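Hi,

Here is the structure I said I'd pass on. Have a look at it, and my notes follow below.

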Amino acid sequence: MPYYLGIIFAVVALFSWGFSDFYIQKSSRSVGIWKTLFTVGVVGCIALFPFIRNEFSIIELKDVILLSILGMVIFSASLLNFAALKKGKIAIVEPLIGMELPITVALSIGFGKEHLTLIQLFLVAIVFVGLLMVITMHHKHLHQTRSTIEKGIFLALGAAIGLALTNFLVGFSSRQISPLMVIWFAQTMLFIISTIYLIYTKQFHTMFLDLRYHLKSTLGQGVLYNLGWIAFAFATTILATSIVTAVSESYIILGVILGIFVNREKLRLHQFIGIILVIIGILGLAVLTTS
């Protein structure tokens, strides 16, 4: 399969996650985190089932174990991510969560046996630095002391590790099994776990009424979020997971752009510089990968 398709899939993931975050924020505030997670899971479970129903006959026990581990990692990473953002300051927590990029690269090279050239590693580093600059609201936050960022720091680092493990496991299992089966299984587990929680907390009976009144945001984020993971999974079957992560994680830039035009937010100089660095890094990786 041509390498440029891998870049296209990674860019699709970038835009899907960028727009889905916009709807996830609306959905989480209107119906709650667990009902939002339920929507993500149920959309992926139902929409992907017709495409993977014939694959059950070729799934082995080792595949089920791998997919179960992936499902629990995705679930745990999501909870840590939300908890970190709830307890800590977003300007401090998000740069720490952004550590998923170098951790993913380390996992892909160390355990996935991926090989990146020095130029590719340099461009990935440029993307990472650019992302840090964009998601840090004030340049002084880049020099915060330990006492200042201690609140939520361990949750944020845990989320970063969880998201990096998710990236790595999605890439690895997509090559071993199939991208659609990987995402379907993970989202089905998310659907089951969130359903159990909603029933246990006696919120399940109000869920469909809540979703009905906020259908646009809940359904929109469910479709876009799943589309992002499907595109990411397909991209990792063509390109190195570390490169796909570097490109797709730049959905943060899209979130910033939406903030400018929709929420009338203003960017600081260092954030503009960060955006430029990310664009340079992505274009460089695209040129090197497809040449």
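How many helices and strands does the secondary structure of the chain come to? The count is 14 helices and 0 strands, where helices (H or I, at least four residues) and strands (E, at least two) are DSSP runs numbered from the N terminus. Read from the N terminus on, the elements go α-α-α-α-α-α-α-α-α-α-α-α-α-α.

Before going further: this is a predicted model, where local features need pLDDT of at least 70 and side-chain atom pairs count only at pLDDT 80 or more, while totals for chains, interfaces and linings use all residues. Residues are numbered from 1 along each chain as its sequence is written, and side-chain values use heavy atoms, with hydrogens and water left out.

On to the chain overall. Of its 291 residues, 52% are buried (under 20% relative accessible area, with exposed over 50% and partly exposed in between; 1.4 Å probe, protein chains only). Of the contacts (heavy atoms within 4.5 Å) with a separation of 6 or more, 90% are between residues 24 or more positions apart.

Two spots to look at:

- S174 sits in helix α8, which spans residues 153-176. S174 counts as buried because its relative accessibility is 3%. Leaving aside neighbours within four places in sequence, S174 is in contact with L169, P179, V182, A233, T236 and T237.

Cheers
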